[in-house]
Every structure is written in C-alpha cells, then in structure tokens.
Amino acid sequence: MKSKRLIFALVLAGSLAAMALPASAQLTEQVPPPRLKWSFAGPFGKYDEAQLQRGFKIYKEVCANCHSMDMVSFRNLADPGGPGFSEAQAEAVAAEYKIKDLDDLGNPIERAGRPADHFPAPFANELAAKAANGGTAPPDMSTLAKARSYSSGFPWFVFDMFTQYQEQGPDYIAALVSGFKDQPPKGFTLPEGAHYTEYFPGHAIAMPPPLQPGQVTYDDGSPQTVEQYSKDVAAFLMWAAEPHLDARKRIGFQVMIFLLVFAGLMYFTKKKVWSAVH
Amino acid sequence: MSGHSTYQPTNRVLQWLEKRLPIGGLVHSSFIAYPTPRNLNYWWTFGGILSFMLGVQIITGIVLAMHYTPHVDMAFRSVEGIMRDVNFGWLLRYLHANGAAMFFLAVYIHMFRGMYYGSYKEPREVLWILGVILYLLMMATGFMGYVLVWGQMSFWAATVITNLFSAIPGVGDAIVTWLWGGYAVGNPTLNRFYSLHYLLPFVIAGVVVLHVWALHVTGQNNPTGIEPKSDKDTVPFTPYATVKDGFLMVCFCILFAWFVFYIPNFLGHSDNYIPANPAVTPAEIVPEWYYLPFYAILRSIPNKLLGVIALFGSIGILAFLPWLDTSKVRSARYRPLFRQFFWLFVIAAIGLGWLGTKPPEGIYVILARIFTFYYFAFFLIVLPLLGIFEKTKPLPNSISESVLGAKA
C-alpha cells in the first residue's frame with residue numbers, strides 16, 4: 001500500500017515536472033552558468049586593460065591555434081577602450097604574424113603582418129578547419145561573446161532589463177572553458193571524440209579542454225589558474241565582439257543626464273502651459 | 001488640412017509665397033491652430049512619438065545603407081564593419097535595431113488606445129483602416145530589415161516566413177520560388193529584401209500623410225468618446241498638444257536610450273551574431289518579440305494552411321473592427337462589460353506573445369489555442385453581441401463638463 005502511494009506520488013510529481021519544464025528537458029539541457037563579476041557590467045562598466053591583455057595572451061597562445069577572429073585587426077589592439085597597447089606594440093604584435101599576400105608580379109607570398117591586417121585564420125578554409133577538428137569547424141571568435149547566451153526564463157529576463165544584465169556571453173564562455181570534467185557523470189554516454197563540459201547545451205563538445213593550470217605565463221602576478229584564465233579570455237572575447245562598449249556606456253550616461261534634464265524642463269513647461277486650462 | 005486657414009503672415013516674403021503656395025497656412029491650420037480636445041490623456045501622445053520614430057528609422061537607415069553591402073558573402077561582415085570601423089556606426093546600428101522595437105512598442109500602445117476608446121468608430125473608419133495598413137507595412141519592413149543582418153536568425157526567419165506561402169494550395173510552391181528569386185533563400189532574396197526595406201519606409205511615410213489627413217478631417221477622438229461641441233471643448237494644437245507630446249516624447253527617448261546604450265542586445269537573439277549558414281538549423285527559430293503573438297497563433301493551429309490563414313486573418317480582422325463593434329458608445333469608460341473583455345484581450349495578446357517563445361508542446365499548445373480562440377472570439381462574437389446586450393453608462397453632455405465635473 002505504502003509503496004503504491006509512493007509510486008503514485010512520484011508519477012504525479014514527474015508529470016508535473018514534465019509539464020513545467022518541457023523546453024529544458026527536450027531541447028538542449030543547458031545549465032545556466034554562474035553570473036560572474038565583470039568590470040564592464042552595469043551603467044559605468046569599462047574594460048579592464050590588464051585583463052584584456054591577459055585574455056589576449058591566452059587567445060594568442062591557446063585559442064588562435066584553432067579559432068579564427070578575422071573581423072578584428074591588429075590596429076584594434078591600440079584603439080581606445082581596448083587592451084591599451086601602444087601603436088608601436090600593436091605593430092610589433094602584427095609583425096609576429098605571417099600574412100598571405102601577392103607581390104607586384106602577382107606571385108603568392110607571405111609577408112609580416114601590418115596593423116591594418118586582420119588576425120589570420122589558423123586554417124586555409126572551413127573545410128580544412130573541419131577536417132583538422134573531427135568534423136566540426138571551431139567557430140570564429142570575432143562575435144562569439146555576443147553569439148552565445150542562455151535563457152534566464154520568465155520572470156528573470158524582466159529583471160535583467162532593469163539590472164542591465166548583458167553578460168550572458170562572457171558568463172557562458174568562462175563557465176564553458178572551466179567546466180570540463182575528465183569523466184562524464186554515470187549514465188551519460190559521451191559520443192566518440194567528444195568531451196564532457198557542464199555548461200555546453202547537451203554537454204558533449206568537440207573541443208578538448210583548452211586550458212590547463214600554469215599553461216600561460218602571466219607577467220602581472222595574476223593567478224595562473226584555469227578559473228582566472230577563463231575569466232580573462234571571456235573578457236577579451238567580449239571586447240573583440242563589442243570593441244566600443246566603453247564609449248557606448250560613457251556616452252549613454254551623458255545622453256541620460258541630458259534627457260532627464262530635458263524631460264524635467266518639458267514637464268514644467270507643460271505644467272505652466274496647461275495651468276490655465278485645467 | 002482642415003477648413004480654411006486663418007493664417008495671415010506679416011512677413012512680406014511669406015505673404016508673397018502664401019499667395020502662390022499656401023504651405024504656411026497648411027502647416028498653421030494642421031499643427032498650430034488645429035483644435036484638439038482639451039481632455040486628451042497621455043495615451044494620445046503616441047501618434048507624435050510614432051512620427052518621431054519613423055524619422056529616426058529613416059535617418060539612421062539611410063546612413064546605415066551607405067555602409068551596408070547586400071550580398072550573402074558580405075552582408076554580415078559589412079554590418080560588423082559598421083559596428084567596428086564606421087565612426088559611431090555602433091550607435092547608428094543599435095539606434096536602428098532598437099528603434100524598430102520601440103516603433104512597435106509605440107504602435108501597440110497606439111492601437112490598444114484606439115481600441116479602448118473606440119477611435120475606429122464612425123466617422124473614423126478610414127483613419128483606422130489606414131492605421132491597419134501602416135501596421136502591415138511596418139511588419140513587412142521590420143521583417144525584411146531583420147533579414148538584412150544575414151545572421152543565423154535572419155536567414156532562418158526568412159526561410160520560415162517565406163515558406164508560409166507554400167501552404168497556398170496549387171500555386172504555393174511557385175509563389176515561394178518567385179519570392180525567393182530561386183529555389184532557396186539566397187542572394188536574390190537578400191537583394192530584393194534590401195530594395196524593399198529601403199522603399200517601404202517611404203510608402204509608410206506616404207500613408208502616414210493620409211492617416212494624418214484623415215485625422216484632421218474628422219478631428220481626434222478623446223477619452224469621453226463624444227465629439228467636441230463648442231470652443232470650450234478644445235484647445236489649439238500649439239502650444240497645448242505640442243508641449244504635451246514633446247514631454248512624453250522625451251520620456252520615451254529615455255526608455256529608448258536605456259536600450260540603445262545599456263542593453264542594446266537584450267531584444268535581439270544571440271544566434272543572429274552567427275553568420276547565416278544554410279547547412280545548420282538553429283536549435284530554436286523565434287521571430288522578434290513584436291511578431292510573437294502572431295507566431296503563436298500560427299503554431300496553435302495544427303493544419304499549416306489554416307494556421308497561415310489564422311495568422312493573416314488575425315491582422316486582417318482589425319480592418320473590419322469598425323463594423324464588428326456594434327456599440328453606439330465609443331469609449332470604454334462608459335462600457336463596463338467591454339472594458340473587461342478588452343483587458344482580457346490585452347492579456348490574451350500578451351499571453352500569445354509569451355507562448356510564441358515557448359516550444360509548441362504540452363500545456364503551451366493548449367494555452368495558445370485558448371488565447372487564439374479568445375483573440376478571434378473577441379472580434380467575431382464578443383464585440384457584435386456587446387453592442388446589443390451591454391448596458392452602457394450615461395455619457396456626459398460635453399467634454400468640458402466631463403473635465404470640470406471631475407475636478408469639482
């Protein structure tokens with residue numbers, strides 16, 4: 001009798017849960033990543049130059065082996081609101097790269113990169129990228145931080161509007177690259193060649209765990225942990241995707257002040273004009 | 001645009017011009033001396049806000065078009081070029097993308113206001129129908145603009161929406177091929193969408209002129225729904241309406257700026273930052289928020305053809321509203337039953353919007369069907385019957401009586 005009741009209760013609870021969560025159960029099984037603290041969050045947010053420089057180092061030494069970032073130019077490294085390289089430094093970074101070009105006679109050559117060049121792709125084309133990575137081309141990183149997100153669900157997305165939460169992308173990226181597990185949990189069958197990570201929709205990702213502790217040397221004394229690495233590279237990717245964020249938020253504040261004062265003046269003008277009629 | 005102008009320019013150049021082209025008198029009678037009901041509330045300021053938003057969209061759009069490349073291989077990159085390399089390109093693009101959303105927000109408020117106060121009723125039927133045409137044009141323009149970004153959601157939205165026409169029996173597939181300019185969404189599709197996206201806003205501007213013209217022939221409705229009877233019932237457009245519209249327009253700009261500067265991607269879908277890829281279908285294909293209620297209606301009906309008919313019917317039915325509502329009383333203020341059904345309609349519309357983001361399964365389908373049924377029942381059953389059975393409250397004798405009575 002007792003066990004029958006228990007089964008009934010379990011079935012009821014299960015069907016209720018199935019009704020409440022049909023989307024998450026069927027579609028992607030995406031675990032919401034933890035919300036981290038970002039220097040560029042909120043109305044006065046700004047990129048942290050040192051963090052962007054560290055993130056760039058990780059991109060250059062790790063990510064760039066497989067991922068392109070071909071909408072970003074070397075000169076962007078010296079743009080205001082970015083990693084804060086000097087023009088000479090950006091030029092020096094560019095010179096480390098080999099760029100495919102043509103000489104005056106039309107012969108294919110490789111020359112040193114210039115600030116105006118875009119970051120070269122690690123593979124000649126998408127097919128080559130696919131072939132070298134087990135059938136899945138690593139996505140381009142130029143817009144990646146804005147191209148990844150997760151659903152906060154109702155009613156949270158309403159609050160996000162007021163709290164200005166726009167860091168879904170970097171939160172997700174940081175969680176993804178630091179969320180790899182050596183062994184998938186029991187009962188989870190990992191497809192051939194895939195790797196288990198907590199926050200990827202469906203958990204099985206083609207990318208192997210990209211970051212190991214101490215893999216990239218930091219010159220500024222920041223901890224060389226996977227956690228720190230993943231935050232730094234996520235911040236860098238956010239900058240790569242939204243290079244004018246600093247200017248946007250700075251101008252936004254000025255616009256807001258202007259509009260609030262303007263609205264106040266309009267309000268009192270309106271009151272004065274209408275006082276005779278009311 | 002209404003009646004003879006009393007405009008008497010004192011400047012001699014203007015007098016000379018006025019004799020040859022009475023444009024000063026036109027502006028004066030339309031936007032200065034034009035009598036507006038003295039009891040208009042803030043819901044009446046959205047017409048001005050909509051004109052302003054149309055201006056914002058056209059100006060930002062023209063500059064964006066100078067930097068955009070309508071080609072499948074270059075469109076996404078050119079948009080990113082605007083975001084990165086064009087001076088204040090990010091601002092133009094965020095203004096334009098969020099401006100579309102604000103435009104729709106304003107038009108929905110404007111439409112619900114018209115419904116609540118019975119602004120569609122005789123003699124304003126043509127004014128209302130012109131509004132429905134404007135809304136349809138906006139939807140077409142907004143959709144095509146979204147496709148131009150040529151991200152994943154652009155591409156797949158274009159595929160899904162154009163495919164709706166394949167439901168037409170017999171000629172459906174031929175029509176879809178004709179719309180695409182090929183056998184799939186491709187470069188010809190993008191090119192024609194770009195061309196039409198540039199053309200339609202000027203068509204909208206033209207219909208707006210007709211809309212305002214029709215408005216100035218009949219005069220504005222007002223919260224009491226009774227016509228102005230004497231000069232005591234109205235105030236001149238300038239300064240009264242001008243300053244009131246201006247105040248709310250600035251408030252609306254604060255909301256607009258909040259989105260543009262602080263959460264510019266809140267209303268967009270992250271997949272649209274992935275370049276279009278015909279070989280990869282996104283996990284979910286959702287339209288922009290302003291189409292969601294209609295998307296939910298489409299999906300709530302299991303038959304594709306009937307779903308498409310319901311989708312277009314749900315918009316087309318608005319044009320018949322002046323005749324479906326049989327009540328002689330305009331304003332919901334004096335229609336206690338209508339008021340309740342109206343708010344249920346608002347809930348159904350917003351509910352459908354929410355369901356448009358949900359997968360079509362389980363409880364969501366049932367809810368979507370209930371709301372869809374109510375959506376149509378509101379127009380086809382509730383409104384015709386209410387006019388017969390509803391006991392309305394007594395109307396005030398005049399607008400000024402309602403204003404001063406409320407104050408006393």
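Predicted model: local features only at pLDDT ≥ 70, side-chain atom pairs only at ≥ 80, totals over all residues.
Chain B contains 16 helices and two strands, and its C-alpha trace spans about 65 × 60 × 40 Å along the principal axes. The radius of gyration of chain B is 23 Å, which agrees with the value near 22 Å that a compact globule of 408 residues would have. Of the 408 residues in chain B, 42% are buried, and among the contacts in this chain between residues at least 6 apart in sequence, 76% join residues at least 24 apart.

In soluble globular proteins, nonpolar side chains tend to be buried together. The largest nonpolar core here has 82 residues, of which Phe103(B), Ala106(B), Val147(B) and Leu352(B) touch the most other members. Helix H5 of chain B, covering residues 89–116, gives the most to this core, with 13 residues. When residues up to four places away in sequence are not counted, Val147(B) touches Ser154(B), Ala157(B), Ala158(B), Leu190(B) and Phe193(B). A second, separate core comprises 39 residues, including Ala174(A), Val177(A), Phe200(A) and Ala241(A).

In chain A, helix H3 (residues 49–61) packs with helix H9 (residues 226–241) at an angle of about 95°, and their axes lie 7 Å apart. Because of this angle, H3(A) is roughly perpendicular to H9(A). The residues of H3(A) that take part include Leu52(A), Phe56(A) and Tyr59(A), and those that they and their neighbours meet in H9(A) include Tyr229(A), Val233(A) and Trp239(A). By class, the contact of H3(A) with H9(A) has nine nonpolar, two polar and two charged residues.

Methods: Residues numbered from 1 in each chain as written. Chains lettered and ligands numbered in written order. Axes fitted to C-alpha atoms, helices over the stretch in contact; angles between N-to-C directions. Helix = DSSP H or I, 4+ residues; strand = E, 2+ residues; numbered from the N terminus. Parallel < 35°, antiparallel > 145°, perpendicular 65-115°, else oblique. Contact = placed C-beta atoms within 7 Å. Nonpolar A, V, L, I, M, F, W, Y, C, P; charged D, E, K, R; others polar. Core = buried A, V, L, I, M, F, W, Y, C linked by C-beta atoms within 7 Å. Buried ≥ 20, exposed ≤ 12 C-beta atoms within 10 Å, placed from the backbone. Rg over C-alpha atoms; globule rule 2.2 N^0.38 Å.
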